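This briefing concerns the protein shown below.

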Amino acid sequence: QVQLVESGGGLVQAGGSLRLSCAASGRTFSSDAMGWFRQAPGKEREFVAAISSLGGSTDYAESVKGRFTISRDNAKNTVYLQMNSLKPEDTAVYYCAAKGRGSIWRLRDITEYIYWGQGTQVTVSS
């Protein structure tokens, strides 16, 4: 099993940047594909970005492509989400999740993720 803790959220002006971190503990981190999802008030949780177990494959939601970058450092058991050119519509609680396996397939599918962090709030002001 994997335990996940997000950090790095906060309040930022439109056009600014934040880097989210997801610290993982457990014995299977390096074997798991990882994803970032977000949920705004009144909306369902949506896919943001994902990365395969070794970092060789990534996927992004169209709304963040070119602005966000997902990366991982397996030696540190940490996944990152670098968010640039932030927009007010990026405001949400951001969740880190572990797929439970390293497959490069179905990285966007929220039902594939079995471990979740508590979330970190990102607020972008206009």
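The points that follow are grouped by topic.

The model is predicted. The protein contains 11 strands and 0 helices, and 45% of its 126 residues count as buried.

**Secondary structure and contacts**
- From the N terminus on, the order of elements reads β-β-β-β-β-β-β-β-β-β-β.
- Among contacts in the protein with a separation of 6 or more, 59% are between residues 24 or more positions apart.

**Overall dimensions**
- Along the principal axes, the C-alpha atoms of the protein fill a box of roughly 40 × 25 × 25 Å.

- In soluble globular proteins, nonpolar side chains tend to be buried together.
- The largest nonpolar core of this protein holds 35 residues, of which Met34, Trp36, Leu81, Met83 and Tyr94 touch the most other members.
- Two or more residues of this core come from each of β1 (2–7), β3 (18–26), β4 (34–39), β5 (46–51), β7 (68–73), β8 (78–83), β9 (92–98) and β11 (120–125).

**Surface and charge**
- The protein carries 14 positive and 11 negative side chains.
- The centres of these two sets of charged side chains lie 3 Å apart.

Methods:
Residues are numbered from 1 along each chain as its sequence is written. This is a predicted model: local features need pLDDT of at least 70, side-chain atom pairs count only at pLDDT 80 or more; totals for chains, interfaces and linings use all residues. Side-chain values use heavy atoms; hydrogens and water are left out. A nonpolar core is a set of buried Ala, Val, Leu, Ile, Met, Phe, Trp, Tyr and Cys residues joined through side-chain atoms within 4.5 Å. Buried means under 20% relative accessible area, exposed over 50%, partly exposed in between (1.4 Å probe, protein chains only). Helices (H or I, at least four residues) and strands (E, at least two) are DSSP runs, numbered from the N terminus. Contact means heavy atoms within 4.5 Å. Lys and Arg count as positive and Asp and Glu as negative; His and the chain ends are not counted. The place of a charge is taken as NZ of Lys, CZ of Arg, CG of Asp or CD of Glu.
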